[in-house]
Amino acid sequence: MIKSPMMLAAFLTAPIILFPPQTAIAAGGGGGGGGGGDPYGSSYGTPAPSYPQQKDRKTTHKVKKPVKQSGFEDPAFRDGYRAAYATIYERNDYAAAIDQLHALGRDDQPDVANLIGYSYRKLGDYKQSQVWYERALKADPNHVLTWNYYGLWQIEQGNHDQAQYHLQRIAEICGTDCEEYRTLRRHWKSRRVRTSSTERVA
């Protein structure tokens, strides 16, 4: 009679001991990784953290992408940018526009940096203008309007070869039919004609 309860106890405890290793092996093998070694140690622990890490990586990537591209989804930013834009193009008050653009707190956003560069150029501060154009292109190397404005900067500085490089970059980004290409090419050609006729007279 004593043997029977002991056998019953052994029988009841056996699944408890065996169950976790079976689960562990299933969990370890399901992740497709693990490798060799103790199936109850490293391979059991490996898949669990790897799934959230992969999801986090994807989520982080998706969240960062729109922030890099724009910022216009924020109504406060959008309204502030529009106000600065009007200050530049409607009132030609470039100094005030620079203050408005800085107040947005997004100096590294390419549209903002480009307009700051444009405003400094219109104020005749070519050094500061260049700093901001470079900053805009660092934030977005394909920011076509910056290539256009910076190309005009190059023309005004007499850097015709550099302006031609800017034309080439614009053509690569949006083709030769886009407005940015056409306006820069028109200025580049007219300045080249003026320069050659001046050289001939001299």
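User: In which helix is the place of A171?
Analyst: Happy to start there, with a word on the ground rules: this is a predicted model in which local features need pLDDT of at least 70, side-chain atom pairs count only at pLDDT 80 or more, and totals for chains, interfaces and linings use all residues. Numbering starts from 1 along each chain as its sequence is written, and side-chain values rest on heavy atoms, with hydrogens and water left out. Helices are DSSP runs of H or I with at least four residues, strands are runs of E with at least two, and both are numbered from the N terminus. Residues 160–174 form the helix that holds A171, and that helix is α9.

User: Is A171 buried or exposed, or something in between?
Analyst: Buried means under 20% relative accessible area and exposed means over 50%, with partly exposed in between (1.4 Å probe, protein chains only). The relative accessible area of A171 is 26%, so A171 counts as partly exposed.

User: Which residues is A171 in contact with, leaving aside its neighbours within four places in sequence?
Analyst: Contact means heavy atoms within 4.5 Å. With neighbours within four places set aside, the contacts of A171 are T176 and Y181.

User: At what angle do the axes of α8 and α9 cross?
Analyst: Two packed helices are described by the angle between their axes and the distance between the axes. The axes are lines fitted to C-alpha atoms, for helices over the stretch in contact, and angles run from 0 to 180 degrees between N-to-C directions. Helix α8 covers residues 144–156, its axis comes within 8 Å of that of α9, and the two cross at roughly 165 degrees.

User: How is the direction of α8 relative to α9 described?
Analyst: Angles under 35 degrees count as roughly parallel, 65 to 115 as roughly perpendicular, over 145 as roughly antiparallel, and the rest as oblique. With a crossing of roughly 165 degrees, α8 and α9 are therefore roughly antiparallel.

User: How many nonpolar residues does the contact of α8 with α9 have?
Analyst: On the α8 side the contact is made by V144, W147, N148, Y150, G151, Q154 and I155, and on the α9 side by Q162, A163, Y165, H166, R169, I170, I173 and C174. Ala, Val, Leu, Ile, Met, Phe, Trp, Tyr, Cys and Pro count as nonpolar, Asp, Glu, Lys and Arg as charged, and the others, Gly among them, as polar. By these classes, the contact has one charged residue, five polar residues and, for nonpolar residues, nine.

User: Where does N159 lie, and which residues does it contact beyond four places in sequence?
Analyst: N159 sits in the loop between α8 and α9, and its relative accessible area of 28% makes it partly exposed. Its C-alpha atom is 9.9 Å from that of W188, 29 residues apart along the chain. Leaving aside neighbours within four places, its contacts are W153 and Q154.

User: How far apart are the axes of α6 and α7?
Analyst: Helix α6 spans residues 110–122 and α7 spans residues 126–139. Their packing angle is about 165 degrees, and the pair is therefore roughly antiparallel. The distance between their axes is 7 Å.

User: Which residues of α7 meet α6?
Analyst: From α6 come P110, A113, N114, I116, G117, Y118, Y120 and R121. The residues of this contact divide into 10 nonpolar, four polar and two charged. The α7 side consists of Y126, Q128, S129, W132, Y133, R135, A136 and A139.

User: What is the phi of N92?
Analyst: N92 lies in the loop between α4 (75–89) and α5 (94–103). Its relative accessibility of 46% makes it partly exposed. N92 is not a glycine, although its phi is positive, at about 55 degrees.

User: How many helices does the chain have?
Analyst: Of the 202 residues, 29% count as buried. The chain has zero strands, and its helices number 10.
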